[in-house]
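Please read the following note beside the sequence and the three-dimensional view.

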Amino acid sequence: MTDVDPVARDADDRYFADNRANWDDRAVLHEASGYGIAELLASPTAITAEIAPDRERLGDLSGMDVVHLQCHLGLDTVSLIRLGAHRVVGLDLSGESLRRARSIAGRAGADIEFVQANVYDARRALAGDFDLVYTSLGVLCWLPDVAAWARVIASLLRPAGRLVLRDDHPILQAVGDDTTHGLTLHEPYFQRTDPMTWEDEGSYIEAADGAPVVTHPVSHQWNHGVGEILTALMDAGMALDEVTETRYSAWCRWPELMERCPQGYRFIDPALRDMLPLQLAVVAHRPN
């Protein structure tokens, strides 16, 4: 991470070590549970359900150099190269995720470079500049400093290069899991130095029968308000092109309250659909 006190970086490194071990375990669990891998490999033109909502935002990728940050198993990374990108690089903190991502990309016939690095070290870890930085779904919550993240984004892009971000809305992160008394604020909305620390032997997907549990269950997350995210990008020299808040989520956060819809998941009760944003999408570019 750039421009932070060494003591703070040491603390963050301990948090990242926990998160790396947690995601190494999740990689094993996710692959064992399917994770849409078979569907992606079934056709050379298939793209993931996660990439599909961003097709219009991504635009024509023909001939472009693209980096996919926090790429995990690389399914969306494969989708990006199938959309015509010239060079695609996937970066992730988890070595086990990338080991499996390389195997999946090989089976898909996709020529992708995978690099293990902390997002904050991406500029040092990656060669060259890029036309597009893509990062999506459950990404910012793993980063303690959104301003430092934005500076990394700007440093990776060549002039006129773009960022496409789609993530859980920060207010979604702040609402608690327990809906016994309705939707209530339970976690911080704004960025704090200290993380929210969790211990969970599962993950955000339904595990297949016999799939391994997460043996390193401790993980750390940080929330960032919409204003903090947008201001960080502008302070890093980025120009905003789109800011969209949606009424649907990419995953079923509250099974008792949500139903699947073509865009993902929405509230069963129509009265709730205008009450709470569930996703945030941001498109920005680096001016010439």
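The points below cover the basis of the model, its sheet, its cores and its aromatic pairs.

1. This is a predicted model, in which local features need pLDDT of at least 70, side-chain atom pairs count only at pLDDT 80 or more, and totals for chains, interfaces and linings use all residues. Residues are numbered from 1 along each chain as its sequence is written, and side-chain values use heavy atoms, without hydrogens and water.

2. An open sheet of seven strands runs in the order S3-S2-S1-S4-S5-S11-S8, with mixed pairing. Strands (E, at least two residues) and helices (H or I, at least four) are DSSP runs numbered from the N terminus, and two strands pair if DSSP finds at least two bridges between them. Strand S3 (113-116) and strand S8 (239-246) are the edge strands, each pairing on one side only. On average, neighbouring strands of the sheet are turned by 15 degrees against each other, direction ignored.

3. Within the sheet, S5 and S11 pair in the antiparallel sense over seven bridges. Asp167 stands opposite Leu280 in S11.

4. Helix H4 (residues 75-82) packs on the sheet and touches S1, S2, S3 and S4; contact means heavy atoms within 4.5 Å. The direction of H4 makes about 170 degrees with that of S2, where axes are lines fitted to C-alpha atoms, for helices over the stretch in contact, and angles run from 0 to 180 degrees between N-to-C directions. H7 lies across S1, S4 and S5, at about 140 degrees to S5.

5. The largest nonpolar core has 37 residues, and Leu69, Leu126, Trp149 and Leu156 have the most contacts inside it. Such a core is a set of buried Ala, Val, Leu, Ile, Met, Phe, Trp, Tyr and Cys residues joined through side-chain atoms within 4.5 Å; buried means under 20% relative accessible area, exposed over 50% and partly exposed in between (1.4 Å probe, protein chains only).

6. Seven aromatic pairs are counted: rings of Phe, Tyr and Trp (its six-membered ring) pair if their centres lie within 6.5 Å, and planes under 30 degrees apart count as stacked, over 60 as edge-to-face and the rest as tilted. Trp254 and Phe267 are stacked, 5.9 Å centre to centre with 15 degrees between the planes. Because Trp254 lies in the loop between S8 and strand S9 (258-261) and Phe267 in strand S10 (residues 264-267), the pair ties together parts that are 13 residues apart in sequence. Trp254 is buried, at 0% relative accessible area.
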